[in-house]
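Student: Hi, I have a structure open and would like to talk it through. Can we start with the ligand?
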Amino acid sequence: MILTRDIEKCFNDSKQTCSTFINDTNRVEYYYYTVPFIRQGQVKGAIVYHGTYQGYAPAANMIIVLIWATAFLFCGALSLLYIVLSKKIVNPLLDMNKTTRQIAAGDFSVRVPANSTDELKELSDSINYMASQLEDTEDARRRFLENVSHELRSPITVIRSMLQVIIEKKVSSDKQVYYTEMILNEVLRMSQLINDLMDLTHIQSSDFKLEYERVDIAELLRRSIAKFESIFTEKKIVMRITFDEYFAAYIRGDELRLVQIFDNLIKNAASYTPETGDILVESSEDGKWVSVTISNSGEGISPEDLPYIFERFYKANKARNSEGVGLGLAITKQLIILHGGTIEVESTNGVSCFKVAFPAEI
Ligand SMILES: Nc1ncnc2c1ncn2[C@@H]1O[C@H](COP(=O)(O)OP(=O)(O)OP(=O)(O)O)[C@@H](O)[C@H]1O
Ligand SMILES: [Mg+2]
């Protein structure tokens, strides 16, 4: 009998035994399992277990089913996770990657589609903001080049045709002098444009520095007004100043640049005031700010033009103003800002009014 043999073996060898036996009658396979119980090196007894595998078959099958079900569920969960991650993270990231590549290639009109999740929304908003800023810069650059080309093309066309006439001797010597003067005017206009452009670029650069000193704004205004006296007389413009010769209003600023600011504003007033019109120059000081207001009569500036009046090359009522190039106010505003000041414009009932303020120096 196997059981007896196994127990003997277990006692003799002090080792576990395991054996199987198939019953001829019922064809069931039995197993025997003996474990020695050893104390002080001697086998004192043995634990014997015997049974059939049959009871375990369903359990084994169950375990296999469970393993497959778990594997299946795991794969399902993994696929679900992949789908969710793709939808929430991977796809938006791919969109962003595609958009940034298009932006890098120069197409600033593209935007990241609005399908990002909360986590990625901030990033996609930043990319879209960057694209819109680049688009604005590109538009400004294109407009700037168009304006420069336009402002240079017209004088060059005039100069070319005048020179042609002079060279072909088609006009009397009197007219030749007249044409030569016109050519000189156009050349001066072009050089003024180039100087203004270079000046604007210079004052907008990061290394531009103002030479600060204590400056009397009232005195600068008096000097600027005096410079354009001949135009006021010629156009019979009535010029009124609200402060007397003893008034002084001090700020800390760059005198040469402050002269440039007031020359531009007074020159504009002189240019855009019609004959027999009037100009009013006011100045005051309240301990904190020095204010200057220059108002002039005329056609005024339309509400559509007002928001753009300080932009480069912007000319209100374009058809009538062919003289200037539209850089004066852009330079003026930039210089005022660099001095820590402000400039505002109003236009009502044909009166244009430029209000400037600088921090006062006591
Ligand atoms: N005092 C003013 N009264 C009415 N319109 C004005 C006045 N100042 C400026 N403008 C309008 O604003 C526009 C822009 O002025 P800005 O001084 O920048 O350029 P500009 O005078 O045309 O040329 P420039 O570069 O030679 O000064 C002018 O073309 C004019 O239409
Ligand atoms: Mg001007």
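Student: Which side chain has an N or O atom 2.7 Å from an oxygen atom of ligand 1?
Tutor: That is Tyr272, whose side chain has an N or O atom 2.7 Å from an oxygen atom of ligand 1. Keep in mind that this is a predicted model, where local features need pLDDT of at least 70, side-chain atom pairs count only at pLDDT 80 or more, and totals for chains, interfaces and linings use all residues. Residues are numbered from 1 along each chain as its sequence is written, chains are lettered from A and ligands numbered from 1 in the order in which they are written, and side-chain values use heavy atoms, with hydrogens and water left out.

Student: And what about the backbone of Val325 and Leu327?
Tutor: A backbone N or O atom of Leu327 lies 2.7 Å from an oxygen atom of ligand 1. For Val325, a backbone N or O atom is 3.1 Å from an oxygen atom of the ligand.

Student: How many residues surround ligand 1?
Tutor: There are 18, counting a residue if one of its heavy atoms lies within 4 Å of the ligand. The closest are Asn268, Tyr272, Gly326, Leu327 and Leu329.

Student: New topic: what are the domains?
Tutor: The assignment gives domain 1 (2-54), domain 2 (118-204) and domain 3 (213-359); such bounds come from an automatic or database domain assignment.

Student: How much area do domain 2 and domain 3 bury between them?
Tutor: About 1300 Å², 62% of it on carbon and sulfur atoms. Buried area is the accessible area (1.4 Å probe) that two parts lose on being put together, summed over both. On the domain 2 side, Arg189, Leu200 and Ile203 lose the most area to domain 3, together 38% of what that side buries.

Student: How many residues are in contact there?
Tutor: 13 residues of domain 2 are in contact with 15 of domain 3, where contact means heavy atoms within 4.5 Å.

Student: How many salt bridges cross that interface?
Tutor: The rule finds two, a salt bridge being a side-chain nitrogen of Lys or Arg within 4 Å of a carboxyl oxygen of Asp or Glu. Searching the whole structure gives 18. The side chains of Lys315 and Glu151 form a salt bridge at 3.2 Å, N to O. Lys315 lies in the loop between strand S8 (289-296) and helix H8 (328-338) and Glu151 in helix H3, so this pair ties together parts that are 164 residues apart in sequence. Helices (H or I, at least four residues) and strands (E, at least two) are DSSP runs, numbered from the N terminus.

How values were computed: Polar contact = N/O pair within 3.5 Å; in protein donor to acceptor, adjacent residues only side chain to side chain.
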